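Colleague: I'm new to reading protein models. Could you walk me through one, step by step?

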Amino acid sequence: MQFLKNNITHLIIFIMIVIAINIIANYYGGATFHNITLKKEDYNGKVVEIYTDLKNHSIDYAILKNGEKIYLGHVYNRIQEGDSIAKNRNSTKIQVFRKDSIFYIDFKE
């Protein structure tokens with residue numbers, strides 16, 4: 001019984017350490033796969049469709065007028081069909097042109 005109690009204690013401590021490391025890494029903006037991938041992309045065009053790819057982990061995409069498929073991730077709800085968007089390489093910001101306004105969305109937010 002004592003053996004089981006010690007193992008459970010060690011397991012709980014291990015899980016707490018892993019969670020703490022994850023929180024610290026995320027707080028200090030550790031390079032994630034998505035941030036690295038997003039910085040490599042550049043695109044611009046008018047959004048003609050926004051959809052969720054249910055066959056690919058329910059990832060949200062925008063389709064531009066030129067047929068390009070753009071990953072939207074957690075910013076999908078801030079972009080609308082009819083918006084024109086532009087993103088430069090080595091940036092995590094998307095410039096959005098909507099009717100009479102221009103604004104930026106940062107994937108880091």
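Modeller: Strands here are DSSP runs of E with at least two residues, helices are runs of H or I with at least four, and both are numbered from the N terminus. Two strands count as paired if DSSP finds at least two bridges between them. Keep in mind that this is a predicted model: local features need pLDDT of at least 70, side-chain atom pairs count only at pLDDT 80 or more, and totals for chains, interfaces and linings use all residues. Residues are numbered from 1 along each chain as its sequence is written, and side-chain values use heavy atoms, with hydrogens and water left out.

Colleague: Which residue stands opposite K69 in β3?

Modeller: That's I63. In the hairpin of β2 and β3, 4 residues lie between the strands, and G67 there takes a positive phi near 90 degrees.

Colleague: What holds strands of a sheet together in general?

Modeller: They pair through backbone hydrogen bonds, either parallel or antiparallel. In this model, 6 strands form an open sheet with antiparallel pairing, in the order β3-β2-β1-β4-β5-β6. β3 and β6 (101-106) are at the edges with a single partner strand each, so one side of each has no neighbour in the sheet.

Colleague: How many bridges do β1 and β2 share?

Modeller: They pair over 6 bridges, again in the antiparallel sense, and Y51 has Y61 in β2 as its bridge partner. Their hairpin has 5 residues between the strands, including H57 with a positive phi near 60 degrees. β1 also pairs with β4, over 4 bridges.

Colleague: Is strand β2 mostly covered or uncovered?

Modeller: Mostly covered: 5 of the 6 residues in β2 (59-64) are buried. Buried means under 20% relative accessible area, exposed means over 50%, and partly exposed is in between, using a 1.4 Å probe and protein chains only.

Colleague: How many salt bridges does a search of the whole structure find?

Modeller: It finds 2. A salt bridge is a side-chain nitrogen of Lys or Arg within 4 Å of a carboxyl oxygen of Asp or Glu. R98 forms one with D83, the closest N and O atoms being 2.7 Å apart. That pair links distant parts of the chain, 15 residues apart: R98 is in strand β5, and D83 is in the loop between β3 and β4. Both R98 and D83 are buried.

Colleague: And which residue does D42 pair with?

Modeller: D42 forms a salt bridge with R89, at 3.1 Å between the closest N and O atoms. D42 counts as partly exposed because its relative accessibility is 40%.
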